[in-house]
Amino acid sequence: MRDTIAAIATPPGRGGIGIVRVSGQHARSIAEAVAGRVPDVRQATYACFRDGDGRAIDRGIVLFYVAPASFTGEDVVEFQGHGGPVVLEALLERVCDSGARIARPGEFTERAFLNDKMDLAQAEAVADLIDSASRRAARSAMRSLDGAFSRRVMAIDQAVLHVRVFLEAAIDFAEEEVDFLADRDVVDRLVGVTTGLRELLVECRQGQVLRDGFDVVIAGPPNAGKSSLLNRLLAENRAIVTDIPGTTRDLLFADAELDGIPVRLTDTAGLREGRDAVEEIGIERARGAAAAADLVLFVVDDTSDGCPSPPEVSGARIVHVRNKVDLSGGPPGLTPSGDVRVSALTGAGLDALREVIVTAAGVAPGEGTFLARKRHVLALSAAVERVATARGHVEQGYGDLAAEEMREAQHALGTIVGATSVDDLLGEIFSSFCIGK
């Protein structure tokens, strides 16, 4: 039997309510020891929580859930008292003295997974829901928690399994006169599996953007209005703005939300020959941030005759932003060449710039997206490669090699929902959870 675990399930600090959660075989006896009785199942019961000497620690509500009808699939008790740190620590100490131990981060959700209350993708969605950076991300995490992502994965897994069965049959009856691999149906099925995987991979990448955010770096020469643009996008004065070239010396990070997409904006030092050691470090950091960004807004002064060259970056898309149209008189908005003319001072052209950023993020509009993680993207990419290789083997008549590739594709899909998970993967996932969840 697993140990009985306990933790404070509410955030650190003071609050009106604080919860100590207990899960495991000793939950019933702990409820009786602390609250003086075991409450009726799923019935909120008012009780006095007492220490080992019978002195009152707090008064509040106690709830009891009987296995397997609980979050973890085990007997669970929740003590809901006042949210003072001293009170909660005293209550947790009493619970541990009565037969529990302190839970590891994510251990409650891990037990829910191990007890088949949810699959691994749903378990991850619990943490993603808590950490959501926008309402759209929260709604997408809820869809993952409800199993939308898992159902898509398992549907493709079943299609892969059907092809595997066909291929295994071809191997078993290799001596027969019938050439199973010449049947066009198997190739058609492989094409269908590939299409399904690629569609899911596109949605998965969109879900990763909603979860991790879209990294946008504002770069350009000094005094082009980068910091002013940052402030305008945030609708607050976050960055210092002066007429002195080189005011920004280091990276300045800020989070924003554009059309429900969490965006991380980074203001950078002006790109030029450094005037001193500090500025040179700032410029080097600016180039590094641009190289790692999802999108670079290269800001230039629309009143200037020349057009400086953007930093050399690989992978990141670069959008030229021509600022200060309030001075140049140029029309604000998107130009035929793909540049965006704006005024960080007046806000002219900012709607067009926001639309460019949202489009670059690649998240389709609507409410059908689910949240996903990088490991999901990697697993689906591996499955796509395996199925493509299997198709090549089928067309060359190598049924045994194709069957092995499809087995590996199914293994990759299994790692998403936890059907073929390993201990080190579980440890990495659940260690990122908050304690008490």
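Both Phe49 and Phe79 are buried, buried meaning under 20% relative accessible area, with exposed set at over 50% and partly exposed in between (1.4 Å probe, protein chains only). The model here is a predicted one, where local features need pLDDT of at least 70 and side-chain atom pairs count only at pLDDT 80 or more, while totals for chains, interfaces and linings use all residues. Residues are numbered from 1 along each chain as its sequence is written, and side-chain values use heavy atoms, with hydrogens and water left out.

A search of the whole structure turns up 3 aromatic pairs. To count as a pair, rings of Phe, Tyr and Trp (its six-membered ring) need centres within 6.5 Å; planes under 30 degrees apart are called stacked, over 60 edge-to-face, and the rest tilted. Phe49 and Phe79 make an edge-to-face pair, at 5.4 Å centre to centre with 80° between the planes. Phe49 sits in strand S3 (residues 45-50) and Phe79 in strand S5 (residues 76-83), so this pair ties together parts 30 residues apart in sequence. Helices (H or I, at least four residues) and strands (E, at least two) are DSSP runs, numbered from the N terminus.

Then there are Phe149 and Phe370: their ring centres are 4.6 Å apart and their planes at 20°, so this pair is stacked. Phe149 belongs to helix H6 (residues 148-172) and Phe370 to the loop between helix H11 (350-361) and helix H12 (374-395), which puts the two 221 residues apart. Both Phe149 and Phe370 are buried.

Next comes the sheet. Its 7 strands form an open sheet in the order S8-S9-S7-S10-S11-S13-S12, with mixed pairing; two strands pair if DSSP finds at least two bridges between them. Strand S8 (252-258) and strand S12 (333-334) are at the edges with a single partner strand each, so one side of each has no neighbour in the sheet. Strand S7 (residues 214-219) and strand S9 (residues 261-267) run parallel and are joined by 5 bridges. Ile218 has Asp267 in S9 as its bridge partner.

Finally, two helices meet. The axes of helix H4 (residues 120-130) and helix H13 (residues 399-417) come within 5 Å and cross at roughly 40°. Axes are lines fitted to C-alpha atoms, for helices over the stretch in contact, and angles run from 0 to 180 degrees between N-to-C directions.
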